[in-house]
Amino acid sequence: MIKGGVRGRHYKPFTDDDLRQLDDSIMHMLSETGVNVNSKQALEIFEENGAEVDYDEKMVKIPQSLVKECIEKAPSNVTLYGREEEHNLEIGENRVHYGTGGTVLDVLDLETGQKRRINIKDVADIAKLVDYLENIHFLVIPVYPQECDDQNVDVNRFYSALSNTSKHIMGGVYSIKGIREVIDMASKIAGSKEALVKKPFISFITCVMSPLVLDDTYTDFLIEIAKHGLPVAIPAEPLSGATGPITIAGNIALMAAESIAGVVLAQLVNPGTPVLFASTASAMDLNTALYITGEVEMGLMHAGVAQVAQYYGLPLYATAGMSDAKLPDVQAGYEKAMTTLLAGMSGANFIHDSAGLLEMCQTVAYEQYVIDNEIIGMAMRAIKGIEVNEETIATDVIERVGPGGHFLTDEHTRKHMRTEFFQPKVSDRLTREAWEEQGSKPTRERAIEMAKDILNDHQPLGIDEKLDKEIKKEFPHILLENNAGENAS
């Protein structure tokens with residue numbers, strides 16, 4: 001295991017001059033092109049702080065000076081806490097962390113392998129699996145259970161997650177009521193609202209619509225979250241060739257302007273609000289007119305976005321590790337590995353969607369989480385790089401062993417053997433004969449067995465029994481996992 005926070009610094013697709021040109025474009029969009037803002041309270045906030053507001057057209061032009069002032073007010077580093085200290089994440093600069101993501105409706109059933117609708121038990125089981133998998137550093141709640149509607153889904157998703165992992169939990173939200181319920185529930189677990197704000201183990205996601213639209217619903221969500229002072233990611237998702245320019249540089253510039261508009265609003269509401277500059281930018285396949293996620297350009301795109309975030313000194317919520325494959329197969333493996341490595345090597349901070357997702361972010365698979373845990377572990381080892389010092393160069397060890405000797409039993413080998421090389425758990429490294437003796441199992445089958453074992457045996461931190469009863473009494477619309485899935489198909 002290599003803990004999150006390793007510094008990615010190896011890959012930089014932009015030059016310093018490129019970044020200056022991108023900054024010029026981003027500032028022009030915000031101050032001259034303008035943003036369509038559909039929230040009345042947001043329009044008033046922008047106007048009160050010196051932006052040019054056209055209420056009839058719902059257009060806002062934000063002066064460059066105000067944009068830069070708000071970027072300065074936003075924290076450059078944000079600590080996203082776990083409920084156990086080992087899971088705390090320092091988000092910012094070029095420190096790399098990987099985790100889950102998505103708002104997926106379907107899962108490949110762990111028993112049948114067939115696609116079915118997500119239920120509330122899947123939310124809990126995925127959280128439990130992530131809690132165990134050591135290279136997945138955080139949980140962005142990745143699925144939407146079929147039993148819920150937009151008025152009760154927020155408290156249900158966060159409750160099931162909090163009951164099954166002590167890693168940091170982030171989630172999209174669907175109502176103001178839901179936001180308030182989640183904050184109230186998490187405050188009870190933290191001990192108080194003040195304790196939660198001081199060490200937030202939950203955070204939220206709002207969205208900006210491309211191109212250049214702050215819609216009414218998500219913008220009001222952003223304002224509500226900022227008032228509470230809790231961390232929030234503000235992603236935009238321009239699709240190259242559809243809702244964004246076909247060129248990667250143009251798509252990055254548009255995405256950056258959109259997310260920064262949200263960053264500015266959050267700082268105007270509550271200066272110092274911990275925000276994550278955020279991108280879910282991808283592309284449309286012009287051959288099929290479908291949204292795609294496995295293209296190598298997504299990795300390239302988010303490597304560029306990482307440099308933009310570092311240019312502005314903003315912590316980054318980035319995207320990588322998805323696939324357009326329908327099953328955990330070879331395509332899923334190479335697509336996920338490419339974008340996972342590119343984004344990480346650039347120093348992207350909070351790389352979500354990097355575990356579990358298939359089929360253009362429409363399906364998750366339990367075994368895919370297990371496989372992606374291994375892909376992420378390998379990527380983290382590559383990002384860590386090669387340590388060079390007197391101990392690792394090992395001149396004295398080579399002299400001690402001497403010509404014709406061997407290093408197998410040397411003290412130096414025993415000291416470094418578990419840390420110098422990544423130790424896989426899913427990958428097969430047996431001889432063919434030994435592999436055949438063990439049943440000739442392919443990777444997917446081994447991963448399914450591992451997922452079942454984890455779900456059967458792992459005991460997460462959970463919620464204190466007395467407190468759990470209080471939470472269920474206060475929020476009677478929390479669904480019980482043992483009743484979930486009865487109507488699943």
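**A buried threonine**

A: T319 counts as buried, because its relative accessibility is 0%. Buried means under 20% relative accessible area; over 50% is exposed, and in between is partly exposed (1.4 Å probe, protein chains only). This is a predicted model, where local features need pLDDT of at least 70 and side-chain atom pairs count only at pLDDT 80 or more, while totals for chains, interfaces and linings use all residues. Residues are numbered from 1 along each chain as its sequence is written, and side-chain values use heavy atoms, with hydrogens and water left out.

Where does T319 sit? T319 belongs to strand β19, residues 316-319. Strands are DSSP runs of E with at least two residues, numbered from the N terminus.

Now the neighbours. T319 touches S279, T280, M298, H302, I351, H352 and D353. Residues up to four places away in sequence are not counted there. Contact means heavy atoms within 4.5 Å.

Two of these neighbours deserve a second look. Take S279. Its backbone oxygen lies 2.7 Å from a polar atom of the T319 side chain. Next comes H352. The side chains of T319 and H352 make a polar contact at 3.4 Å. A polar contact is a pair of N or O atoms within 3.5 Å; within protein, one must be able to donate a hydrogen and the other to accept it, and residues adjacent in sequence count only if both atoms are side-chain atoms.

To put it together: T319 is buried, lies in β19, and its side chain has a polar contact with the side chain of H352.

Methods
Helices (H or I, at least four residues) and strands (E, at least two) are DSSP runs, numbered from the N terminus.
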